[in-house]
Amino acid sequence: MSDAPEKGHPIQMALIVVLLIGGGWYFFKHYDIDGLDGVAIKPKADFAWEELDEPFTFTSSVEDSQASPWPVDDTGNPIEADPVIYSPSDMVRNDPVAKERIWGNPIFQRGNESGSKTNAPKRPAQFKNLRIASWALDGFGPTKLASNVCRTNLIRVVRQFDLIALQQVSSIHKDLVPRMVDAINENSLGSGGPVYDYVLGGSTGPADRGEQMVILFRPDRIRVDRTQTYTVADPDQQMLYDPLVAWFRAAQPSADRAWTFTVANVRIDLGRAPSEVALLGQLFDSIRDDGRGEDDILMAGLFQADDAYLLPTMASRSMRAAVSSTPTDVFGRHQTENIVFDAESTAEAIGRGGVYDFLRVYNLSLSEAQTVSSYLPVYAEFSALEGMPVANQATMDRAVVQQASLPSGHQSVSRY
């Protein structure tokens with residue numbers, strides 16, 4: 001029976017260690033390993049979510065237009081809003097390179113020839129326009145949410161916008177809206193799409209067909225002040241469905257420069273349309289005069305009337321509609337959805353808006369589209385910065401003559 005092999009002699013082991021140390025020293029003395037110079041070791045830290053819905057102070061676009069001017073380039077000319085619309089696949093939140101490419105670096109710097117950015121001149125930030133939409137979902141309930149066709153198309157339509165006001169959502173099942181938002185966000189996890197939060201009104205309308213007013217928004221693009229959200233009181237039931245009012249501001253710019261605005265989600269009952277539409281001017285004024293001093297009011301919803309009837313009824317020559325002379329149903333017959341605002345106070349409107357024809361965009365049949373809704377979403381674009389009368393006017397003038405620049409599936413731009 002042979003003895004077990006002897007372990008190495010201590011002197012031999014020491015010699016091996018010396019050779020390894022000496023060889024390593026020689027290697028690193030004479031050679032560089034590409035990429036290691038950028039490696040850093042840092043202690044682990046817990047990630048803390050930023051509080052997104054804290055109360056904030058609203059400002060007037062008219063009063064603050066001088067205090068917070070529109071950013072200018074090196075020659076002193078206004079930097080105009082970028083009309084390019086990014087697809088949901090571009091909305092990558094976790095990749096800093098992608099975020100800089102999409103949303104812009106807060107401080108643009110020009111480096112010197114050596115690549116150093118020290119002492120580089122600072123340029124103002126540019127922020128993507130906010131895309132505000134409205135969509136009547138035509139009796140959205142659990143059956144629609146359970147449909148793969150409906151859910152798929154609902155998700156990809158919603159993800160085209162930074163904020164979208166929804167009407168005709170059933171209020172019978174209290175978990176319907178949270179489940180809808182969960183479906184949108186779960187679908188975004190693997191694709192890099194945007195994540196949404198929501199503002200939800202209470203049940204309104206007849207007891208046997210109650211509805212909820214819903215506003216979905218991207219918290220990385222828009223913040224809400226939940227302490228200032230309310231449903232309009234209507235003790236005399238002049239409107240069958242109580243409007244939902246919420247206050248927002250753009251999330252990307254600093255708080256003192258961000259655009260602040262009100263969204264009033266309105267649902268007109270078709271059987272009472274003449275009398276309810278006649279109240280919209282009074283409703284608009286009461287929201288603007290509610291004591292908060294916010295002058296930018298976006299009234300979005302299902303108005304059951306076209307802009308030719310709607311705007312004169314609101315009795316203001318400066319009222320504008322996002323959609324003009326364009327049908328907003330899948331059959332191409334009637335215009336019932338819109339977004340209206342006061343052009344004199346809302347200087348942030350850049351003059352781009354219209355109908356998002358998801359039938360054409362996704363090549364759907366009428367029956368497939370009706371699985372989601374018989375209505376088409378409508379939208380308008382606004383600057384993320386508070387007040388921009390000079391650059392805004394230039395962009396608006398071009399929008400009138402550059403209708404062909406709209407992406408496929410977007411119908412005619414309204415002439416604000």
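Student: Which elements do the buried residues of helix H5 pack against, and what counts as contact here?
Tutor: The buried residues of H5 pack against strand S3, helix H3 (142-146), helix H4 (148-158), strand S4 (163-170), strand S5 (197-200) and strand S6 (211-217), where contact requires heavy atoms within 4.5 Å. Helices (H or I, at least four residues) and strands (E, at least two) are DSSP runs, numbered from the N terminus. The model is predicted, with local features needing pLDDT of at least 70 and side-chain atom pairs pLDDT 80 or more, whereas totals for chains, interfaces and linings use all residues. Residues are numbered from 1 along each chain as its sequence is written, and side-chain values use heavy atoms, leaving out hydrogens and water.

Student: Which residues of H5 are buried?
Tutor: They are Leu176, Val177, Met180, Val181, Ala183, Ile184, Asn185 and Ser188, buried being under 20% relative accessible area, exposed over 50% and partly exposed in between (1.4 Å probe, protein chains only).

Student: How do you know that the span of H5 agrees with its residue count?
Tutor: The expected span is 1.5 Å times one less than the number of residues; the 14 residues of H5 (residues 176-189) should therefore span 20 Å, and the end C-alpha atoms are 20 Å apart, which agrees.

Student: Why is Phe217 called buried?
Tutor: Phe217, which lies in strand S6, has a relative accessible area of 2%, so it is buried. Its contacts, leaving aside neighbours within four places in sequence, include Leu163, Tyr196, Tyr198, Val224 and Phe248. The C-alpha atoms of Phe217 and Tyr196 are separated by 5.4 Å, although these residues are 21 apart along the chain.

Student: What makes a set of residues a nonpolar core, and which members touch the most others in the largest one?
Tutor: A nonpolar core is a set of buried Ala, Val, Leu, Ile, Met, Phe, Trp, Tyr and Cys residues joined through side-chain atoms within 4.5 Å. Among the 70 residues of the largest core, Trp135, Phe248, Phe261 and Phe358 touch the most other members. Strand S3 (residues 130-140) supplies the largest share of this core, seven residues. A second, separate core of 24 residues includes Met239, Phe284, Ile297 and Phe303.

Student: How do you know that S3 and S15 are paired?
Tutor: Strands pair if DSSP finds at least two bridges between them, and S3 and S15 are joined by five, running antiparallel; the pairing therefore meets the definition. Leu130 has Phe382 as its bridge partner in S15. Strand S14 (residues 349-355) also pairs with S15 in the antiparallel sense, over four bridges, with Ala349 opposite Phe382.

Student: What makes S15 mostly covered?
Tutor: In S15 (residues 378-382), five of five residues are buried: Val378, Ala380 and Phe382 point one way, and Tyr379 and Glu381 the other. In a regular strand the side chains alternate between the two faces of the sheet.
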